[in-house]
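The sequence and structure come next.

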Amino acid sequence: MLENAILVTGAGRRIGFHIAKRLHQDGQQVVAHYRTHTAEIQALSDLGITTVQADLADTDSILTFIDDLKTKVSSFRALIHNASSFEPTAVSLQQAAEQYDVFYTIHMKAPYLINQALQSMLKGKEDMPADIINITDINVENPTPRFDIYGTTKAGLHNMTLVLAKKYAPNIKVNAIAPGPVLFTDQHSDQVRQQMLDETLLAKEGGAEPVYLAITSLLNNPFITGASIPVDGGRRLSKR
Ligand SMILES: NC(=O)c1ccc[n+]([C@@H]2O[C@H](COP(=O)([O-])OP(=O)(O)OC[C@H]3O[C@@H](n4cnc5c(N)ncnc54)[C@H](OP(=O)(O)O)[C@@H]3O)[C@@H](O)[C@H]2O)c1
């Protein structure tokens with residue numbers, strides 16, 4: 001059984017993969033969650049990292065995932081909710097209804113159920129509470145209409161950060177990290193990428209490492225809870 005483990009959801013690619021790999025490099029016990037078994041998950045597994053599969057858009061799969069975690073882990077140092085689905089809202093009402101269920105379940109229901117089920121297993125130290133870290137988005141404060149269901153459900157995760165900071169204090173800190181243009185996706189055309197860079201004070205795509213640095217700063221700070229740290233190069237301040 002793993003002790004003081006850090007769970008990273010959505011570790012099969014990009015930012016989640018980077019977080020899991022860097023935590024492992026820094027000597028943490030990592031549990032890497034994935035939906036799709038990717039080459040990155042195989043690489044984490046080859047490093048000796050425990051990997052656990054679940055579809056976090058499906059309630060039964062979330063509950064099985066929690067049971068599975070309890071057979072592998074005896075205590076957690078932190079839970080990092082990174083898994084996410086990102087796409088523009090569908091035009092068709094039927095498709096939008098389906099998207100809403102998926103976004104709501106991944107961004108809000110899954111973190112909520114995992115937190116509630118595992119909160120008693122989250123163990124800090126005398127001078128350092130345990131951590132829950134929600135990866136949200138700068139869309140929470142300045143949402144994009146084309147991605148309104150995505151942004152709305154991420155805003156729900158932001159609000160959950162505030163209420164669970166109250167509910168789980170003083171033994172668990174609950175914070176959010178709100179990335180801006182960290183890693184572009186296939187959704188971003190060249191034109192959109194350039195526009196985003198023009199709107200970003202620090203004028204570049206940030207990369208996954210600044211997200212990891214924000215995570216370590218929260219893990220190492222005993223007196224921050226209910227906060228949201230923007231990792232956005234200042235894009236939230238731009239007019240858009
Ligand atoms: N990239 C950015 O610049 C940026 C900006 C703002 C906020 N963020 C936030 O930062 C986090 C990481 O971003 P990213 O760009 O690395 O995200 P990403 O490339 O979209 O990866 C999302 C991860 O979540 C997993 N996932 C999706 N649907 C799932 C489901 N139903 N069940 C379980 N896992 C599921 C994916 O697994 P599969 O491989 O199976 O799909 C993948 O590993 C996200 O929370 C995102 O909202 C990122």
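## Basis and strand β6

A residue is buried if 20 or more other C-beta atoms lie within 10 Å of its own, exposed if 12 or fewer, and partly exposed in between, with C-beta atoms placed from the backbone. Helices (H or I, at least four residues) and strands (E, at least two) are DSSP runs, numbered from the N terminus. The model is predicted: local features need pLDDT of at least 70, side-chain atom pairs count only at pLDDT 80 or more, and totals for chains, interfaces and linings use all residues. Residue numbers start from 1 along each chain as its sequence is written.

From β6, I172, V174, A176 and A178 point one way, while K173, N175, I177 and P179 point the other way, and all are buried. Eight of the eight residues of β6 (residues 172-179) are buried, so this strand is largely enclosed by the rest of the structure.

## Neighbours of β6

Strands pair if DSSP finds at least two bridges between them. Strand β5 (residues 130-135) runs parallel to β6, joined by six bridges, and D131 stands opposite K173 in β6. Four bridges join β6 to the parallel strand β7 (residues 228-231), where I229 is the bridge partner of I177.

## Whole chain

The chain has seven helices and seven strands, in the order β-α-β-α-β-α-β-α-β-α-β-α-α-β from the N terminus. Of its 240 residues, 40% are buried. The C-alpha atoms fill a box of roughly 50 × 40 × 35 Å, taken along the principal axes.
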